[in-house]
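Biologist: I am new to this structure and would like to learn how to read it. Could you take me through a few features, step by step?

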Amino acid sequence: MSSTAPAAESSAASAGLVPTKPRIGDRVFQGLSTGSGIAILVILALVAAFLVLRAFPALTTDPATLAAQGYGEFWSWVLPLAFGTVWAAIGALVLAVPVAIGIALFISHYAPRRLAQGLGYTIDLLAAVPSVVFGLWGIFVLAPALIPLHVWLTTYVGWFPLFSGQPSGTGRTIFTTSIVLAVMILPIITSLCREVFLQAPNLHEEAALALGATRWEMIRMAVLPFARAGIVSAIMLGLGRALGETMAVALVLSGQNRVDFQVLTAENPNTIAANIALSFPEAYGLRINQLIASGLVLFVITLAVNMLARWIVARRAQYSGAN
Amino acid sequence: MSTATAPRQSAQAPVDNPLTAGQLPSWVTIAVGVAALAVSALVFTLLDTGGIALIVVGAVVLFLVVMHIISLAVEGSRRAVDRLAKHVVVTMFLLALLPLISVTWTALSHGINRLDPEFFTYSMRNVVGAGGGAAHAVWGTLIITGIATLISVPIGLLTAVYLAEYGRGALARSITFFVDVMTGIPSIVAGLFAYALFTLVFGPGTINGIAGAVALSVLMIPVVVRSTEELLRIVPNELREASYALGVPKWKTIMRIVIPTAVSGIVAGVILALARIMGETAPLMIAAGFTQSMNTNPFSGQMMTLPVFVFDSYARPGIPREPFWDRAWTGSLTLILIVMLLNLAGRFIAKRFAPKTGRK
């Protein structure tokens, strides 16, 4: 995807073929497009600036006032929420990643050629369902359907620490939330992995097959090693989505402000985004500042995850000889 | 990818044919599948635990294990692992279809009841029980996403032109980087930004349609930039060079040659971006607010949108709550239909009117 337009342009300019006095239309157009590029930087700076500005009172007010007028001391209030955010997102990843890689492999290497693209679109349709609808589905369909599984898991696999405790009677647990989140991040991980799998060098694949490898051995030897960095970055981008997902979690999870590793009980940690969505309409004064400050924490977490993903992609682009 | 599978003649070939010996005939897969389902249903019904979900899970696990053992005995370990991988991959795909079918079916079966003209012509003003509709929310969604598109498309398009045609050096690199960063902004953070901006600039309590549109723009701009830039880079360089050779200035080359060549893809990208922001709930809840009445003025007063309507109808129902939940489902169904139609339209335009990239 390398463009040679700027290169051709600069060589023409150095050869002196372009009139020395730039045309007025050129200058206006270049100014406009450069300006909107800079506008994006300004918008992003504004996002950060306004969030920090509104979050500032929550960070600087002394804990006693915050306990009286807000939700309590800031860090001890936000850390359990941050824990819940990460915990639910990790659960979603654990569920989604094997399935997503399986689907991507199915579409890229197993499905009949004619069907492959259509099947890919089918999975992409999952991305077309708005998160609030996933929330309703989670509450009305998935949570009741999973109650027997909650009971079964706590009864027979209860020795495993995560599955211990009294099972929830409503099914609105971190477990169910993670499943909903997993379904929601499935399309993005799948489509990114599919792209990478399709880019695996054809000659390597054919060489492996020619040496007598079965299809799975070919995938393990030629496709997966090539795609490893791409898979990791797809996972990180999926993680970023799961961390920021709001409405589905707000609807499905019945959470409190606590740290709890058991995933099947009625006591669940809440997430930052869901907590903002549920508390914001009734919030006032310092509470609004505190909620915005928690949004800032979420922003920083997702930013770190996304930048890590981009860094992995960039590093791969440098040593990969495929492009 | 080449399909180098062994010829499937084993069923009718004589057993002692050395080329097909040690292969499982294809009916074995089906037979084991049916048997696994039957055994799983029997066991879990006798144990009286779980439900249909557990029976299916049990059947799948049983199928994978039994098939692996049979294959191991007949075909050897390498073939057996290959077969296992194939079955697992197919299982994963079928697994992912379950939520898609379930969501669509639930929205369809619950939402169809109220999918009537009244739903699209009445607001919720003075509606207590049944009846009423989401006209105010539909209008709100159209107005807010319309304004968001008006803000995002010029900025996104011009930025993409800058990145593809002019940009080089540190500025272009940092814009590319920060567009990526912007793609990852959680939607609720965009909502908080719009809220903070408007309440600080226009005084406390400024929650209106424009604020919602600004929040959505923050989410939409990076998507438009990404897709447009990609499209502009596909436009073959020969076209630009031919245009320059005729003495056409650069801006005119971009306006008359480059963009028209890629316009179908750009339109498709904008439609897909629109589909993405259409379903956003959280930022609108914070920045555009709730109302039960029709409000078509984006500059004053809170404005209802379809996703927020769905959430509000579910989360704060009146008594009895069933009519509210019915309306929530119909709202969901409308939303899914709009977004899916937009997606299909975008895909269709992108495919049908794809830019001509020379020999192919």
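Biologist: Is B:Gln23 buried or exposed, and why?

Modeller: Buried means under 20% relative accessible area. This is a predicted model, and in it B:Gln23 counts as buried because its relative accessible area is 16%.

Biologist: Where does B:Gln23 lie in chain B?

Modeller: Look at the segment before helix H1, which covers 27–47 of chain B; B:Gln23 lies there. For a sense of distance, take B:Ala350, 327 residues away along the chain: the two C-alpha atoms are separated by 45 Å.

Biologist: Which residues of chain B does UniProt list as "transmembrane region"?

Modeller: An unreviewed UniProt entry lists several spans under that name, among them 257–278 and 328–350 of chain B. Residues 257–278 of chain B are 100% helix and 0% strand, with end C-alpha atoms 32 Å apart. For residues 328–350 of chain B, the ends are 33 Å apart, and the span is again 100% helix.

Biologist: Where is A:Glu245 found, and what does its side chain reach?

Modeller: A:Glu245 sits in the loop between helices H9 (215–244) and H10 (247–252) of chain A. Its side chain reaches the backbone nitrogen of A:Met247 at 3.4 Å. Leaving aside residues up to four places away in sequence, A:Glu245 touches A:Ser131, A:Leu181, A:Met184 and A:Ala273.

Terms used: Residues are numbered from 1 along each chain as its sequence is written. Chains are lettered from A and ligands numbered from 1 in the order in which they are written. This is a predicted model: local features need pLDDT of at least 70, side-chain atom pairs count only at pLDDT 80 or more; totals for chains, interfaces and linings use all residues. Side-chain values use heavy atoms; hydrogens and water are left out. Helices (H or I, at least four residues) and strands (E, at least two) are DSSP runs, numbered from the N terminus. Buried means under 20% relative accessible area, exposed over 50%, partly exposed in between (1.4 Å probe, protein chains only). UniProt positions are given in the numbering used here, feature names are shortened, and annotations may be inferred rather than shown by experiment. A polar contact is a pair of N or O atoms within 3.5 Å; within protein, one must be able to donate a hydrogen and the other to accept it, and residues adjacent in sequence count only if both atoms are side-chain atoms. Contact means heavy atoms within 4.5 Å.
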